[in-house]
Amino acid sequence: MSDESHMRAALALARRGLGQTAPNPSVGCVIVKDGRVLGRGTTAPGGRPHAERVALAAAGEAARGATVYVTLEPCAFPGKSGACTEALIAAGVARVVVGAIDPHPKVNGAGLARLREAGIEVTEGVLRPECEAVSEGFALVQRAGRPLVRLKLASTLDGRIATAKGESQWISGPEARRAVHAMRGRHDAVMVGVGTVLADDPELTCRLDGFRAAPLVRVVVDSHLRTPLLSKLVRAATEHPLWILHRDGADKLRAKALESAGVKLIELPASTIGVDLAAGMQALAKHGLTRVMVEGGASIASSLLRARLVDRLSWFHAPAVLGGDGWPAAQAFGVTRLDEMPRFRAVSRQQWGQDVLTNFRKIT
């Protein structure tokens, strides 16, 4: 098999861990010798152990003289469990094939240099775009200090998410809703605005049996701490982490009650529209998140689009038309000229029952 074939196997392993390894990236590793796979590894939930160590443990002594395929450059500094470069050197591997360079300032090529210094053959850049895509949330934290943000919308063909009276369940079908749960499972957190909490009392969990081991962080943007103490989110806060982004000066008694229920409160500077979402995303990165999925509603969607914080857009369209008196997917956010619009390019389309999902990537 070719280098690309083995790297595709490593990529499949890396994708399996998405949403469960923060603050570390999800990495896949495959160890091969004489055409035989000796070990496979994925970064463990919580980020430790790293994929290379998992694969090396599976391969054992047979790893000596083998080729290691890894989606992201092995770490070159000790951290909590020792540098993966040193583990590979100690195992006596002959060659390391890497997909993407680790953007962490303590690595960023240093891992490959250390391997070469030890006499190990290194090949880099195999399936680089695909490998970079798997670790893009981690990379964005390193470059910009914020997580990757995916905005998920589900609307009619004319972009409406509810009737004039607020009825929204369900515009999309059961197959699309199942796809949303799988999408949640591949992110570190799911975020909504407090309006969605008050209107729908959602759970915001990934309810697919066996899909993920790590609990999904639920984040609510709630300037004045209006999230009800008896909401499903708060009642499950000790089992499924609930974080609330609120503005400074919020009611102290309300804050104390929420914290007593197990809610993490993150105070942010106030803005003209509630809280400063750019500061909020930076705070989420500091608390260890790398991939955040935002599910609405229209107010938070428009705020994120206005701030140019949406990196990926996943839009489900149901084959129906609601009309202009329905609620729009995004509220007005001040665009007066066409060149001010956030623009995206379509990267994939999928059919889920009667609904069509189009995934978009921000044009920078």
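A cavity is a set of points, on a 1 Å grid over the protein atoms alone, where a 1.4 Å probe fits but cannot get out, whereas a pocket is an open set with protein on both sides within 12 Å along at least five of seven lines; lining residues have an atom within 4 Å of a point. Volume is the space filled by probe spheres set on the points, with grid points joined across faces, edges and corners.

Welcome to this predicted model, where local features need pLDDT of at least 70, side-chain atom pairs count only at pLDDT 80 or more, and totals for chains, interfaces and linings use all residues. Residues are numbered from 1 along each chain as its sequence is written, and side-chain values use heavy atoms, leaving out hydrogens and water.

The count comes to 1 cavity of 30 Å³ or more. Here are the spaces and their linings:

| Space | Volume | Lining residues | Nearest the centre |
|---|---|---|---|
| Largest cavity | about 60 Å³ | 15 residues | Leu18, Pro25, Ser26, Thr290, Arg291 |
| Second largest pocket | about 720 Å³ | 26 residues | Arg150, Arg186, Arg291, Ser348, Asn359 |

In the pocket lining, 12 residues are nonpolar, 5 polar and 9 charged. Here Ala, Val, Leu, Ile, Met, Phe, Trp, Tyr, Cys and Pro count as nonpolar, Asp, Glu, Lys and Arg as charged, and the others, Gly among them, as polar.

Now to methionine 341: its place is in the loop between β16 (327–328) and β17 (344–352), strands being DSSP runs of E, at least two residues, numbered from the N terminus. Methionine 341 counts as partly exposed because its relative accessibility is 33%, between buried (under 20% relative accessible area) and exposed (over 50%), with a 1.4 Å probe and protein chains only.

Terms used. Helix = DSSP H or I, 4+ residues; strand = E, 2+ residues; numbered from the N terminus.
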